[in-house]
Amino acid sequence: AYIAPAMKFIADSKEKPWFITFIPVMPHHPYTIPFAEYELYSPAEIEATPSRSERLLKEYLNGLHYADATLGELVRALENANQLDDTLLCIFADHGEAFYQHAGNYLHALQLYEENVAIPFIIYNRKLFPEKKVYPGISRNIDVAPTALDLAGIK
């Protein structure tokens, strides 16, 4: 739903810099996905799973798979529009997700276990980063904007 309008916005921007924020809610509880072709686990398989934590995890993995496929569609659209090399993609989440790794800790409860607070954070631009780099330290979501601005050469 958002890729085509975003690509039109980019095309209409001509040579001007542009900025777009996508905030999809996938994967997010209740982990429903709109298209069966993105299911790693069918509703019948999920229903047959004996424990609630395993059912939630399978539903979450379906949502994660759908989110990944959608991100792939966005990257392909940027590539097809010859915009990918001039685009800085910052991909991150707002919280972790727990599946009973600790007693009473599921979804994004108010606890501070690794599964609650660790999130993916990927910065992608193949011209700026021709090879994968891994930052071993700690970063926070508040670091995203200044990092992106710095990489874009904006003070």
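From the N terminus on, the elements of the protein run α-α-α-β-β-β-α-β-α, giving five helices and four strands; helices (H or I, at least four residues) and strands (E, at least two) are DSSP runs, numbered from the N terminus. This is a predicted model, in which local features need pLDDT of at least 70 and side-chain atom pairs count only at pLDDT 80 or more, while totals for chains, interfaces and linings use all residues. Residues are numbered from 1 along each chain as its sequence is written, and side-chain values use heavy atoms, with hydrogens and water left out.

**The whole chain**

Display the C-alpha trace, which spans about 55 × 35 × 25 Å along its principal axes. Of the 155 residues, 23% count as buried; buried means under 20% relative accessible area, exposed over 50%, and partly exposed in between, with a 1.4 Å probe and protein chains only. Among contacts (heavy atoms within 4.5 Å) between residues at least 6 apart in sequence, 56% join residues at least 24 apart.

**The nonpolar cores**

Select Ile3, Met7, Ile10, Leu74, Ala77, Leu78, Leu84 and Leu89, the eight residues of the largest nonpolar core. Helices α1 and α3 (52-80) are the elements that give two or more residues to this core. A nonpolar core is a set of buried Ala, Val, Leu, Ile, Met, Phe, Trp, Tyr and Cys residues joined through side-chain atoms within 4.5 Å. In soluble globular proteins, nonpolar side chains tend to be buried together. A second, separate core has five residues, including Tyr31, Leu56, Tyr60 and Leu107.

**The loop between α1 and α2**

Move to lysine 14, in the loop between α1 (3-12) and α2 (43-48). Lysine 14 has a positive phi of about 50° although it is not a glycine, and it counts as exposed at 63% relative accessibility.

Further along this loop lies proline 27, where the peptide bond from methionine 26 to proline 27 is cis, with omega near -10°. Proline 30 is found in this loop as well, and the peptide bond from histidine 29 to proline 30 is cis, with omega near 20°.

Is histidine 29 buried, partly exposed or exposed? Its relative accessibility is 35%, so histidine 29 counts as partly exposed. Leaving aside neighbours within four places in sequence, histidine 29 is in contact with Leu56 and Leu107, both of which belong to the second core. Draw a C-alpha to C-alpha distance from histidine 29 to alanine 4: the two are 25 residues apart in sequence and 26 Å apart in space.

**The loop between α2 and α3**

Select threonine 49, in the loop between α2 and α3. Threonine 49 counts as buried because its relative accessibility is 6%. Its side chain is joined to that of lysine 58 by a polar contact of 3.0 Å. A polar contact is a pair of N or O atoms within 3.5 Å; within protein, one must be able to donate a hydrogen and the other to accept it, and residues adjacent in sequence count only if both atoms are side-chain atoms. Beyond four places in sequence, threonine 49 is in contact with Glu54, Arg55 and Lys58.

Asparagine 82 is found in the loop between α3 and β1 (89-92). Its phi is positive, about 55°, although the residue is not a glycine, and at 64% relative accessibility asparagine 82 counts as exposed.

Continue to asparagine 116, in helix α4 (residues 114-117). Asparagine 116 has a relative accessible area of 6% and is therefore buried. A polar contact of 2.8 Å joins its side chain to that of asparagine 105. Residues up to four places away in sequence aside, asparagine 116 touches His95, Gly96, Ala98, Asn105, Leu107, His108, Ala109 and Gln111.

**The second largest pocket**

Finish with Phe121, Ile122, Ile123, Tyr135 and Ser139, which lie nearest the centre of the second largest pocket, among the 24 residues that line it. Strand β4 (121-124) and helix α5 (144-151) each supply at least two lining residues, and the largest share, four residues, comes from β4.

Note on methods. 1 Å grid on protein atoms, 1.4 Å probe; cavity = no way out; pocket = protein on both sides within 12 Å on 5 of 7 lines; lining within 4 Å.
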